[in-house]
Amino acid sequence: MFTENEAEIEGSFKFLLASRALRSVAIILVNLSLSLYLKALGYGLIFIGVVYFIIVLFNVFFTLALGYLGDRMGYARAMILGELFPLIAFLGLAVSENIYVIIASAALGGITGTPGGMRGAFSPGMTSYIASNWPEERERIDKLSKVFAVSSISAIGGSLLLAMHGFLSKFFGPINSFRVLFGTSFFLILASLFTLSLLKERRRPKKTAAIMKKESFSYSLRVIVPNVINGLGVGIAFPLLPLWFELNYNVSASVVGLIFTAAYAFTALGSYFSGSFMRSKKVRAITVSSSARLIQGLLLIALAFSPFLILSVAIYSVRSFIAGLGSPIRSAINVRGISSEDYGTASAVQGIFTRSSQLTSGLSGYLMSEGLELPLLTGGFFQVAGALAFYALIRSWEKKHSF
C-alpha cells in the first residue's frame with residue numbers, strides 16, 4: 001500500500017512516460033537531422049565535427065548547473081527548467097538558416113549528435129527523480145526500463161518523421177523540409193513541458209554538504225573513470241553516424257530515417273526485457289551491464305567493416321537491442337552508492353566528465369574525412385575498454401560492501 005503522497009508519486013509516473021515519449025520523438029528527429037542538414041547547407045565534414053565540439057562544450061556546464069539546482073529545488077522542477085532550453089533551440093532551428101543561430105540553437109538544445117534510441121529519455125534530473133522516488137534498486141531498474149522502452153518506441157516516431165523528408169522536399173525543398181521538421185519538434189517539446197508540470201515527487205532530504213558527501217564522491221569516481229573512457233568513443237563514433245550511413249552507402253536522408261527506425265524498435269525491445277530480466281535475483285546487475293557495453297563496442301567495430309547496407313542495419317539493430325538491455329541497469333548502478341541528498345549533484349558531476357570526454361566529437365569529422373571506417377573503429381575500441389573498467393571498479397566496490 002502507498003501512503004497518499006506515495007500514491008500520488010506512483011500515479012504521476014505516467015506523466016513522466018508521456019513526457020519521455022514526446023521528448024524522444026523531438027530529440028531523435030533533430031539529432032538524426034542536424035548533420036544531414038549542415039551537409040545539405042554545404043558545410044564540410046571537419047566543420048560539422050567542430051560544431052559538435054562547441055555543442056558538447058556548452059552542455060558540460062549546463063548539465064552541472066541543473067544537477068546542482070535539482071538537489072535544492074527538486075528534480076521535477078529541474079526537468080521543467082531543462083526542457084525550456086530545447087524549446088527555444090528548436091524554434092531557432094525552425095526559423096533561421098544562419099549558421100550562428102544554428103550552432104547556438106543546437107548547443108541550447110543539447111544536440112550532441114548521439115542518435116541512440118534512448119536519447120530522448122535523458123534530461124537533467126530524470127535519473128535522479130527516479131532514484132529519489134523509488135529507493136529500492138530493482139524497482140528503480142523496473143522504472144528506468146519502462147522509461148527507456150517508451151523512449152525507444154517513441155524514437156521510431158522521430159526516425160519516421162525524418163523518413164518523410166523526401167516527401168516533404170517535393171513541397172518545401174530539401175532545406176526548408178528540415179526546418180519544417182524542426183518546427184514539429186518545437187511543438188512536441190512544448191507538449192512535453194506541460195506533462196512535466198504534472199509530476200509529483202518525494203520530499204527532498206535537507207542538503208548537508210556544500211557540494212556532495214565524501215562517500216558519494218568516492219563512488220562517483222568509480223563511475224566516472226569508465227564512463228569517460230566510453231565517452232571518448234561515443235564522441236568520436238556517434239555524432240556523424242547518420243551521415244556515415246548516407247555517405248558509406250550513398251542513401252538519402254529518408255533511408256537513414258528508416259535505418260534508425262529499425263534500430264529503435266530493437267532498442268525498445270531490449271529496454272522492455274531489461275526490467276523483467278533483472279527481477280531474477282540470480283542475475284548480477286554489473287555483469288549484465290558491463291557485458292552489454294562490451295558487446296556494443298565489438299559490434300561497432302564489426303559495423304565499420306560491413307560491406308552491405310542490409311548487413312549494417314542488422315548489426316546496428318542487434319547492437320541497439322543490447323544497448324536497450326544494458327542502459328537501464330547501468331543507470332541504476334550509477335547512483336547505487338550515492339547518498340539520497342546528492343543524487344542530482346552526483347549525476348551532474350558524472351555527466352560533466354562523461355560529456356567532457358565526448359568533446360572528441362571534434363575529431364569525428366576529421367577522422368571520417370580520412371577514412372569512413374575510422375570513427376567507428378576508434379569508438380568501438382574505447383567502448384570495449386570502458387566496459388572492462390566499469391566491471392572492475394564497480395565489482396570491487398560490491399565486494400567491499402557485500403553487495
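**Close-up views of a predicted helical model**

Of the 403 residues of the protein, 61% count as buried. The coordinates are those of a predicted model, and the chain folds into 16 helices and 0 strands.

**Figure 1. Overview of the fold and its surface.** Among contacts between residues at least 6 apart in sequence, 86% join residues at least 24 apart. The protein exposes about 15,500 Å² of surface, and carbon and sulfur atoms supply 70% of that area. The views that follow take up aromatic pairs, charged ends over rings, salt bridges and a nonpolar surface patch.

Figure 2. The structure holds 17 aromatic pairs, one of which is formed by Tyr37 and Phe178. The centres of these two rings are 5.5 Å apart and their planes meet at 55°, so the pair is classed as tilted; an edge-to-face pair would need an angle over 60 degrees. Because Tyr37 lies in helix H1 (residues 4-40) and Phe178 in helix H8 (residues 174-196), the pair ties together parts that are 141 residues apart in sequence. Tyr37 counts as buried at 0% relative accessibility, and Phe178 is likewise buried, with a relative accessible area of 2%.

**Figure 3. An aromatic pair within helix H7.** The rings of Phe167 and Phe171 have their centres 5.2 Å apart, and their planes stand at 65°, so this pair is edge-to-face. Both residues belong to helix H7 (residues 165-172), where, being 4 residues apart, Phe167 and Phe171 are separated by about one helical turn. Phe167 is partly exposed, with a relative accessible area of 46%, whereas Phe171 has a relative accessible area of 59% and is therefore exposed.

**Figure 4. A cluster of aromatic rings.** Trp244, Phe245, Tyr249, Phe260, Tyr264 and Tyr316 are joined into a cluster by ring pairs.

Figure 5. The charged end of Lys143 sits over the ring of Phe13, at 4.5 Å from the ring centre. Lys143 also forms a salt bridge with Glu10, in which the closest N and O atoms are 2.5 Å apart.

**Figure 6. A charged end over a ring at Arg293.** The charged end of Arg293 sits over the ring of Phe390, with 5.9 Å to the ring centre.

Figure 7. A search of the whole structure finds 8 salt bridges, and in one of them the side chains of Glu83 and Arg23 meet at 2.9 Å, N to O. Glu83 lies in helix H3 (residues 75-95) and Arg23 in helix H1, so the pair ties together parts that are 60 residues apart in sequence. Glu83 is buried, with a relative accessible area of 0%, and Arg23 also counts as buried, at 5% relative accessibility.

Figure 8. Arg395 forms a salt bridge with Glu398, and the closest N and O atoms of the two side chains are 2.8 Å apart. The two residues, Arg395 and Glu398, are 3 residues apart in helix H16 (residues 374-400), so they are separated by about one helical turn. Arg395 counts as buried at 14% relative accessibility, the cut-off for this class being under 20%, and Glu398 is buried with a relative accessible area of 2%. Salt bridges that share partners join Arg284, Arg336, Arg395 and Glu398 into one network.

**Figure 9. A nonpolar patch on the surface.** Ile46, Val50, Phe53, Ile54, Leu57, Phe61 and Tyr366 form a nonpolar patch, and together they have about 620 Å² of accessible area. Helix H2 (residues 45-73) contributes the largest share of the patch, 6 residues. Phe53 lies in this helix, H2, and, at 31% relative accessibility, Phe53 counts as partly exposed.

Technical notes: Residues are numbered from 1 along each chain as its sequence is written. This is a predicted model: local features need pLDDT of at least 70, side-chain atom pairs count only at pLDDT 80 or more; totals for chains, interfaces and linings use all residues. Side-chain values use heavy atoms; hydrogens and water are left out. Rings of Phe, Tyr and Trp (its six-membered ring) pair if their centres lie within 6.5 Å; planes under 30 degrees apart count as stacked, over 60 as edge-to-face and the rest as tilted. Buried means under 20% relative accessible area, exposed over 50%, partly exposed in between (1.4 Å probe, protein chains only). A charge sits over a ring if NZ of Lys or CZ of Arg is within 6 Å of the ring centre and within 35 degrees of the ring normal. A salt bridge is a side-chain nitrogen of Lys or Arg within 4 Å of a carboxyl oxygen of Asp or Glu. Contact means heavy atoms within 4.5 Å. Accessible areas come from the Shrake-Rupley method with a 1.4 Å probe; for residues, only the protein chains shown count as cover. Patches are made of residues with over 30% relative accessible area and no salt bridge: like charges are joined within 9 Å, nonpolar side chains (Val, Leu, Ile, Met, Phe, Trp, Tyr) within 5 Å.
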